[in-house]
Amino acid sequence: MQTPSSAANWIRTFIGLSCLFSVAFATSLDVDVQSSPDGSTWTSATPGMVASDSSPVYYRAAVTPDGEATFVSNVILVNRPVGSPAHVRLESSSDLSSWSTELAGAYDVTGTKKFYRIKEDDTSDEFVSVQGGTVNVAGVDVTTSDFQIGRFEITQELWDEVYVWALSNGYSFTNNAGVNWNAGGCVKPAHPINNLNWYDAVKWCNARSEYEGLSPAYFTDASYTLVYQSGSLAPSLIYTDAGADGYRLPTRDEWIYAAHGGQLSLDYTYSGSNVADEVARYINNSLGSECPIIPELPYGAWPAGGLLPNELGLYDMSGNVREWVFDGPTDGLRYIPGGSYLRDASRAVIAFPMPQSAIDTVSGEYGLRLARNVPAQQSAILETPSRSNLLKGRGKSAEQLKVKSGKVK
């Protein structure tokens, strides 16, 4: 498993004041993040996904007062695996001790002095800790305890890395070719994995746990000694270890709660917005995918995390691929929510009745997102950001939000 780059941990060898800069005037200005494949030619990075096609990729922040660009003197080198998702954001501080998250992209700074630093989102914060509670979705209260959930849908690159290891360590899947999961089909490392049934999703969770030295969540015996590694076992015969520190599928209620934004929910129609095109890959905007389902029907998934996140910082909860969850209405059916690139926007609405699928169904629309238990020694404390920070980068004021949602919590 590739380890997170030192850049992902604030690049501690740089951090000091070398990675910070101040703005000492009261006029409005723009701040953005720029990227470069070689450290000499720079382009602005759009908010959201910055997928590197080469390694390394360099990032720097740019301040533009009065239309004239002034760049940070220190260039931060971010070593990224080819094609892997990389997200860059800015954080701001008035005193270098207390930091608040800002979205990447242009926004106004009106204070007399602020400091900025760059952070890259990768496996070091792959999971979001969600404080449990209750949210109301379409008139129904959904309640969960604390949990962690993946920021992104699982990509082909990560799936294959674990999958190849698993085949050599006792695991068996629907596709046991021993090479790329989508052999013969479209292979794009940063795209979400697809074409897997519920059994494969559950077994892969265990495989990744064992691959990383964590305790698996799913077993074939009540004493938690036989790890579920092969076969098409009925869900009622799979035993879940609630104390495992490894990976698992989210429950139905965890998925709904997270998609709705948890305790940070702003009651959006879709996960993170009232405008489908801001947060969801669906049939109206999935044309032109690099991974079409068939050449004659050029709709398909797009790279994970390419649009705006929801209130919790989760990407693609509406659209792109549907996501298996652990539970379902019967032993032969599991829920698979989220809408997809091949459906209309109504299927990506959070309140849309959660669809079901036979657990052995394989589809190019079906993928997964992981969940984890909150470690016993760590509580899932999530500070509620100010409403202005939640709206930054989205082009919405609080008043506009009232008009669109009819309610501000």
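This report describes the fold, the nonpolar cores, the aromatic pairs and the surroundings of one asparagine in a predicted model.

## Basis of the description

Because the model is predicted, local features are reported only at pLDDT of at least 70 and side-chain atom pairs only at pLDDT 80 or more, whereas totals for chains, interfaces and linings use all residues. Residues are numbered from 1 along each chain as its sequence is written, and side-chain values use heavy atoms, with hydrogens and water left out.

## Overall architecture

The protein chain contains 6 helices and 23 strands, these being DSSP runs numbered from the N terminus, with helices (H or I) of at least four residues and strands (E) of at least two. Of its 409 residues, 51% count as buried, where buried means under 20% relative accessible area, exposed over 50% and partly exposed in between, with a 1.4 Å probe and protein chains only.

Among contacts in the protein chain with a separation of 6 or more, 67% join residues 24 or more positions apart, a contact being heavy atoms within 4.5 Å. The accessible surface of the protein chain comes to about 17,000 Å², and carbon and sulfur atoms hold 51% of that area, as computed by the Shrake-Rupley method with a 1.4 Å probe.

## Nonpolar cores

The largest nonpolar core has 33 residues, of which Trp159, Trp198, Trp204, Tyr218, Leu249 and Leu368 touch the most other members; such a core is a set of buried Ala, Val, Leu, Ile, Met, Phe, Trp, Tyr and Cys residues joined through side-chain atoms within 4.5 Å. The elements that give two or more residues to this core are α1 (156-167) and α2 (198-211), and α2 gives the most, with 7 residues. A second, separate core comprises 20 residues, including Val128, Phe147, Ile256 and Met354.

## Aromatic pairs and charges over rings

The structure holds 17 aromatic pairs, meaning rings of Phe, Tyr and Trp (its six-membered ring) with centres within 6.5 Å, classed as stacked if the planes are under 30 degrees apart, edge-to-face if over 60 and tilted for the rest. Phe152 and Tyr315 form a stacked pair, because their ring centres are 5.2 Å apart and their planes lie at 25 degrees. Phe152 lies in the loop between β13 (147-150) and α1, and Tyr315 in the loop between β18 (297-301) and β19 (322-323), so this pair ties together parts that are 163 residues apart in sequence. Phe152 is buried at a relative accessible area of 13%, and Tyr315 is buried at 8%.

The rings of Trp159 and Trp204 are also stacked, since their centres lie 5.0 Å apart with planes at 5 degrees. This pair links helix α1, which holds Trp159, to helix α2, which holds Trp204, and therefore ties together parts 45 residues apart in sequence. Trp159 is buried at 0% relative accessibility, and Trp204 is buried with a relative accessible area of 0%. Both belong to one aromatic cluster that includes Tyr163, Trp165, Tyr171, Phe173, Trp181 and Tyr211. Elsewhere, Arg208 lies over the face of Tyr247, at 4.2 Å from the ring centre, and Arg334 lies over the face of Trp198, at 5.5 Å; here a charge sits over a ring if NZ of Lys or CZ of Arg is within 6 Å of the ring centre and within 35 degrees of the ring normal.

## Surroundings of Asn175

Asn175 is found in the loop between α1 and α2. A polar atom of the Asn175 side chain lies 3.0 Å from the backbone nitrogen of Ala177.

Terms used: A polar contact is a pair of N or O atoms within 3.5 Å; within protein, one must be able to donate a hydrogen and the other to accept it, and residues adjacent in sequence count only if both atoms are side-chain atoms.
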